[in-house]
Each structure stands twice: as structure tokens, then as C-alpha cells.
Amino acid sequence: MQKSFDLATTANRYREVLQRIEHAATAVQRIPNTIALLAVSKTKPAEAIAALYAAGQRDFGENYVQEGIDKIHELEELTDITWHFIGALQSNKTKDVATHFDWVHSIDRVKIVNRLNEQRPKHLPPLQCLVQVNIDYEPTKAGVQLSELGEIAEQIDKASHLTLRGIMAIPNPDVSEQEKHNSFQRLENVMQELKAKYPSVDTLSLGMSNDLEAAIAHGSTMVRIGTALFGKR
Ligand SMILES: *Cc1c(COP(=O)(O)O)cnc(C)c1O
């Protein structure tokens, strides 16, 4: 196994990321512990997850269904991990996601909503759902347009085995500072509207290793961090 997953290195990176979150929050008069840290472990081995778990982390995000399930099985004795699916979701994989994960961040079609609701095992709590919003109108990127958000949110809210928790976005990093600011601002506004309509909505999944400070300044309640915790992929 790679040396970079030794406990000391992992614990140091974990502390640094928690400090960045704390600084970013206090800089905008927010309470640091209202911002959750999701550790994105795609392409990293189960050993890396176990090392971060030992440091205290409990929420982990995976992008690829089979890779995620393999790690969930490898780590099944760590029963208090919360597993988030954050990758592109094809309809032939919805059953696996509904069966093995606790959260899904990447819902962008009503068809996926219906399948997840039908396939969520009845003995499990409702699947916690975020709608992925394509905030920069990027033609090749996943996510709904803002004009489509209302309908899909309503479908999730009506589904008895799903809980609507909010929205997720991946703003385009390759635009001007002004455009970035505008995207974050649009998300903050949309989040406020959704929250006013649905009491279960409390989560804006926004911010990665490079932009967590800006995300927190615009109301993110969950930052998704890979590189800064696990090193380069
Ligand atoms: C990979 C990934 C991340 C983590 O990105 P880093 O830049 O490594 O922090 C966050 N969100 C999604 C959806 C990802 O695919």
C-alpha cells in the first residue's frame, strides 16, 4: 500500500482541511460545525478510507458504483460510516445505489427518482437525495437546468422512500472570477427558495479542494474534498 495513507499523514491532512473549513466559516460569521465535510475517496483504496476513519471522519463519497460497493463491503465492520454516491448515475445502476448507499448527490432525471424510490429496500431509512444542478449551463456536464429543478424536487419530495435534502453543484472552474461569483450566488438564491418550500431541505453540497472557501462564503453546508485529504489521484 502507498505510504501516503499512513495514519500520521492522513491525520495531518484531515486537521488542515478542518482548519480551512473553520477559517472560511468564521471569516463570514458562520458556525464551523454547520458545514459537513464529505471525504471523496474515488480511486483510493479502502486502506485510505480506514486511515481517515481512524482520524475521526465518518462521511465518504464515491463516484463509481462498483468501486464504491467493493469498498463498502471491505469496510463493512465500520458500521457508522455514511456512504454518499456523488458520480454519474445510469438507470441500470440505480438498484445498486439504492441498496448500498445512504445519500445520492447526483440525481438529474425523474426516471432516476422513480427507480431509486422503487428500489430502495424497505427495511432501510429513506435514501437522502440531492438534485445536481448544472449551474453554468455546460452542455457536457450532468445536472438539471435551474428551470427543471422545481419538477424534480417535487417528485423526490413525493416519493415515500426518498428524502429531499437539497442540491449539489460543480461550478465550472474555468471562468472569470466574476462569473464564478455569479454562479455561487445563483446557487445560494436557489437554495433559499427550495428551503422555503420544503422543510426537509437543509443541504447545499458545494465546494471541492480548490474552492471550498468561496463555497462556504455562499452558504455551502457540505464540502466534498478529495485531493486535499488523500493527495493527487
Ligand atoms: C472528485 C470529486 C470531488 C473532489 O474533488 P477534489 O478537487 O479532489 O477535492 C468532489 N465532487 C465530485 C462530484 C467529484 O467527482
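Predicted model: local features only at pLDDT ≥ 70, side-chain atom pairs only at ≥ 80, totals over all residues.
Residues are numbered from 1 along each chain as its sequence is written, and side-chain values use heavy atoms, with hydrogens and water left out.

Colleague: How many aromatic pairs does the structure hold?
Modeller: Rings of Phe, Tyr and Trp (its six-membered ring) pair if their centres lie within 6.5 Å; planes under 30 degrees apart count as stacked, over 60 as edge-to-face and the rest as tilted. By that criterion, the number of aromatic pairs in the structure is two.

Colleague: Is the pair of Phe 60 and Trp 83 stacked, edge-to-face or tilted?
Modeller: Phe 60 lies in strand 2 (residues 59-62) and Trp 83 in strand 3 (residues 82-85), so the pair ties together parts that are 23 residues apart in sequence; strands here are DSSP runs of E of at least two residues and helices are runs of H or I of at least four, numbered from the N terminus. The ring centres of Phe 60 and Trp 83 are 6.1 Å apart and the planes stand at 40°, so the pair is tilted.

Colleague: What is the angle between the planes of Phe 85 and Phe 101?
Modeller: Phe 85 belongs to strand 3 and Phe 101 to the loop between helix 4 (94-100) and strand 4 (103-107), so this pair ties together parts that are 16 residues apart in sequence. The pair is edge-to-face, with 5.4 Å from centre to centre, and the angle between the planes is 75°.

Colleague: Is Ser 41 buried or exposed?
Modeller: Ser 41 is placed in the loop between strand 1 (36-40) and helix 2 (46-55). Leaving aside neighbours within four places in sequence, its contacts (heavy atoms within 4.5 Å) include Phe 60, Glu 67 and Phe 230. Buried means under 20% relative accessible area, exposed over 50% and partly exposed in between, with a 1.4 Å probe and protein chains only. At a relative accessible area of 0%, Ser 41 is buried.

Colleague: Which side chain is joined to that of Asn 172 by a polar contact of 3.4 Å?
Modeller: Asn 172 lies in the loop between strand 6 (162-169) and helix 7 (177-197), and its relative accessible area of 14% makes it buried. A polar contact is a pair of N or O atoms within 3.5 Å; within protein, one must be able to donate a hydrogen and the other to accept it, and residues adjacent in sequence count only if both atoms are side-chain atoms. The side chain joined to Asn 172 at 3.4 Å is that of Glu 138.
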